[in-house]
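Hi,

Here is the structure I promised to pass on.

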Amino acid sequence: MNNQCVVYVTDVEYSFPTILSALQARKSASPATDVCVLMSERLDNFNELKALLAASGVELADAADALQDSLGKLDSSHFQGRISVSTMAKLVLCEILPAHYSQIIYLDGDTQIVSDLGKLENATVPEGRFFAARDYTAIQDFLNTGKDNHYFNAGVLKFHRNGWIGQEALALFAKNPEACEGKHDQGALNYVCGSSLILVSNRWNFPKQFLHLVNMSSLAIVHYMAHPKPWHGTFFPWTDRESQVYADLRKAHPIYSALYRGISLDRKMLYKYRSMRARLEHAIERNGPHPRVQSLLVGDYAV
């Protein structure tokens, strides 16, 4: 049995982009690494989708009951807007995934895998430790002030099953959610991580906000956190190439197309306006790759 997996957790709303990322991960990872998508909600045509994904080497599993058992006691009033309780699932993956997985790579569904994952797969996480990269807020602070901090983003993680701090973070959130500063799972993990964090290069979790300041060829995983999203169109700073993969997936099979969730025309027009303004500002400034941003991709990292 494989001891390593790439795992996603998604509700119905985010199932379409999550499947896109999982299929990319399957192509970019070693055959010795399993790729799994856990559904936190009941999904129509689940069996048909499971068979379709299995043909591409991706395992789909119904984890709704298991996640309800682990997370059902959380106070849902602490989750506003587009944040769902299932965002906390990464904290309890060790209770849900088969016991033979000791090296667990967790990815958010709004990611794209843009190059080989081999180095991340081959970097073994010690017991009681985990890999994570800087959050976009830490990068912004670094650009503005030159001061580096290790506040990390929880959208891409690799951890050893033994000693994973998920339960500690979950207990903090349940008892004192204010300590998480509105960041839910990410705030809780940052609060309790102590010396368990091993900071990795942002090439493994690169925020979309800075795509115009980096060479795409330097990256392995791009994280499209916050809105707008590339499956809704092309908006600065990404290009048609990053959006087209979603259009291609919708055309690949009716089941995939049925999972797509669009946005209102008003929101799309607002995003288009903001995108055109930002693209024009960037063209006027003629900024290329930013040396400070590029510097975050290299250094004395575990990977």
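Predicted model: local features only at pLDDT ≥ 70, side-chain atom pairs only at ≥ 80, totals over all residues.

Salt bridges to start with: the structure holds five. In one of them, Asp-110 pairs with Lys-229, with the closest N and O atoms 2.7 Å apart. The two come from distant parts of the chain, 119 residues apart: Asp-110 sits in the loop between strand S4 (103-107) and S5, and Lys-229 in the loop between S10 and H9. Both ends are buried, Asp-110 with a relative accessible area of 7% and Lys-229 at 2%.

Another one joins Arg-42 to Asp-62, at 2.5 Å between the closest N and O atoms. Arg-42 is in the loop between strand S2 (34-39) and helix H2 (46-54) while Asp-62 is in strand S3 (residues 59-62), so this pair ties together parts 20 residues apart in sequence. Arg-42 is partly exposed at 49% relative accessibility, and Asp-62 is partly exposed at 41%. Asp-65 joins these two in a network of salt bridges.

Now the sheet. It is open, with three strands in the order S5-S10-S9 and mixed pairing. S5 (111-113) and S9 (206-207) are at the edges with a single partner strand each, so one side of each has no neighbour in the sheet. S5 and S10 (residues 221-223) run antiparallel and are joined by three bridges; Thr-111 faces His-223 there.

Helix H11 (residues 265-285) gives the largest share, three residues, whereas Arg-250 belongs to helix H9 (residues 240-252).

Cheers

Conventions. Residues numbered from 1 in each chain as written. Heavy atoms only, no water. Pairing = 2+ DSSP bridges. Helix = DSSP H or I, 4+ residues; strand = E, 2+ residues; numbered from the N terminus. Salt bridge = Lys/Arg side-chain N within 4 Å of Asp/Glu carboxyl O. Buried < 20%, exposed > 50% of the residue type's maximum accessible area, 1.4 Å probe, protein only.
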